Amino acid sequence: MAYNDLREWIAALERAGELKRIKTEVDPILEIAEITDRVSKSRDSQGRTGGPAILFENPRGSKIPVLINQFGSERRMRMALEVDSFDEIAGRIRQFMDVKSPQGFLDKIKMLPMLADMGKLFPKVVPTGPCKEVIRKDNFSLNNLPILQCWPKDAGRFITLPCVITRDPKSGKRNVGMYRMQVYDEKTTGMHWQRQKIGAEHYREMLRRAAAVQTGAPARPAEQSSAAFNTTSVDIMARTSGGSIIPETGLPAGRMDVAVAIGTDPAIAFSAIVPAPPEIEEYLIAGFLRQKPVELVKCETVDLEVPASSEIVLEGYVNLDELRTEGPFGDHTGFYSLEDLYPVFHITCVTHRNNPIYATTIVGKPPQEDAYMGKAVERIFLPLMKLTIPELVDVNLPIEGVFHNLMIVSIRKSYPGQGRKVMNAIWSLGQAMFTKCVIVVDEDVDVQNLGDVTLKALNNIDPERDIQFMLGPVDSLDHASRLPNFGSKMGIDATRKWSSEGFSRPWPDEILMDANTKAAVEAKWKTLAKELGIG
């Protein structure tokens, strides 16, 4: 059954021997990060990395315990999603995708149980919940929370594992994203929703509407083809570089409601990072993952709903006409992301459970906790990638590539130029558009084996012929791009080249021993291994 809240999840980790309680006083400023970084990179007696989840019970300056590294191993990620293998979830996704349109009455009857099961997973609003045990509309301060400063050159303390809830101004659908939040003072933070994140798009849509009101155009046109609205939208986006700068004429006034849940059950926290289409609410994805609907409660001061079992909830708003310098911040690239302008989150209310637990994470040089979360996303959402790229066989996002610097894909090649088609398809897919380097290999290459990829990819390419460069959006964390959020990407077509692709030379066979010789040696191998001293 699903974990009802963070506390059930902590209890499960403790029963499984996956959590350590630390009673020694430690400082949220740098010390917790240094301890966790050492743990994340440690190996146990069996050579496994990740270390245990840690509950710091005595953080300096706060009575609230700190949970960190909860997702920091493959086993804990599987426990979090309550599966023995990520393929189980991928299989459930495939099952829904494989449903065909019913051809007759009997087909419709057969579909009813599946549709009924899916209907049970939609989030539901309940009158109240544990997150309302304490409600503070005044007399609250972020300084009471054990918020970490992770690295020496960070601009300050950052909330690093928040579920940030916003609402689409057009559809009314909610989005749950995970964006770091720099603490400015006891009641304000930065809101680092990167330019291409859905929360940022909600902000931009609010900007478009506020600009339309200023110019007298309809703020909510019946059809988005309204000429006046579209002209105003183009103008405000161009003058503000998509809401990332304040032009000389200023930004239009207005507010956007935001809520932040800290310390949710693991399925909700994981759903906040998945590359879901904007049309699908993360609350539904969490229900699908945990096979139980997420219970929500209405906020006290903003028009949003938050998970009822959250440990801590911050309610507030961002002003459309206010940007402030955020960063630097030691990021998962292993480098500090540079300072930039972002909206400011103003807190209007804090609610929390009695004796709340503060859930957080650190990022830095891999492997860290986020590496295991990223690999889970890779495995689970492969079936969805195949919807757009049906020739896709497998994908590997190496941890050292920090998930947006390198993607290796194998394909079932059927026509000339297909490797390049796949590169461009990847660059059109949601967050995959940020991938700096894409390597495409044939289906006989094991993309999970970097040695096999290196051998065959480098042997199979003529660099001038097989490397393609293109310009487009890049990750906000890419410090090497020519401009913030805009730069070049590289694709390498390492598939075998065909005559129809202009390759006329013979292609050599791969070196493989014949089956009879292998069988003969296999029969003698135990004796040979003993003589050779090979285990």
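Reply: First a term: accessible areas come from the Shrake-Rupley method with a 1.4 Å probe, and for residues only the protein chains shown count as cover. The accessible surface of the chain comes to about 25,400 Å². Carbon and sulfur atoms own 54% of that surface.

Me: What kind of model is this, and what pLDDT do local features need?
Reply: This is a predicted model: local features need pLDDT of at least 70, side-chain atom pairs count only at pLDDT 80 or more, and totals for chains, interfaces and linings use all residues. Residues are numbered from 1 along each chain as its sequence is written, and side-chain values use heavy atoms, with hydrogens and water left out.

Me: What is the radius of gyration of the chain?
Reply: It is 25 Å. A compact globule of 535 residues would come out near 24 Å, so the chain agrees with that. The radius is taken over C-alpha atoms, and the globule rule is 2.2 Å times the number of residues to the power 0.38. Along the principal axes, the C-alpha trace spans about 80 × 60 × 60 Å.

Me: And how many residues are buried, as a percentage?
Reply: Buried residues make up 52% of the 535. Buried means under 20% relative accessible area, exposed means over 50%, and partly exposed is in between (1.4 Å probe, protein chains only).

Me: How many helices and strands?
Reply: The chain has 15 helices and 23 strands. Both are DSSP runs numbered from the N terminus: helices are H or I with at least four residues, strands are E with at least two.

Me: Switching to helix 2. Which of its residues are buried?
Reply: Ile32, Ala33, Thr36, Asp37, Val39 and Ser40, in a helix that covers residues 31–40. Seen down the axis, they fall within an arc of 160°, so they line one face of the helix. That arc uses the directions from the helix axis to the C-beta atoms.

Me: What do they pack against?
Reply: Strand 2 (53–56) and strand 3 (66–68). Contact here means heavy atoms within 4.5 Å.

Me: Which sheet holds those strands, and in what order?
Reply: An open sheet of four strands, order 1-2-3-18, with mixed pairing. Strand 1 and strand 18 are the edges, each pairing on one side only. Two strands pair if DSSP finds at least two bridges between them. Strand 3 and strand 18 run parallel and are joined by two bridges. Leu67 stands opposite Ala359 in strand 18.

Me: Salt bridges next. How many?
Reply: 41. The test is a side-chain nitrogen of Lys or Arg within 4 Å of a carboxyl oxygen of Asp or Glu. Arg21 and Glu57 form one, at 2.7 Å, N to O. That pair links distant parts of the chain: Arg21 is in strand 1 (residues 19–22) and Glu57 in the loop between strand 2 and strand 3, 36 residues apart.

Me: Glu311 and Arg353: buried or exposed?
Reply: Both are buried. Their side chains meet in a salt bridge at 3.6 Å, N to O. They sit 42 residues apart, Glu311 in the loop between strands 13 and 14, Arg353 in the loop between strands 17 and 18.

Me: Where do Arg239 and Asp235 lie?
Reply: Both are in helix 7 (residues 227–240), four residues apart, about one turn of the helix. Arg239 is partly exposed at 32% relative accessible area, and Asp235 is partly exposed at 37%.

Me: Which residues form a network?
Reply: Arg167, Arg174, Glu281, Lys298 and Glu305 are linked by salt bridges.
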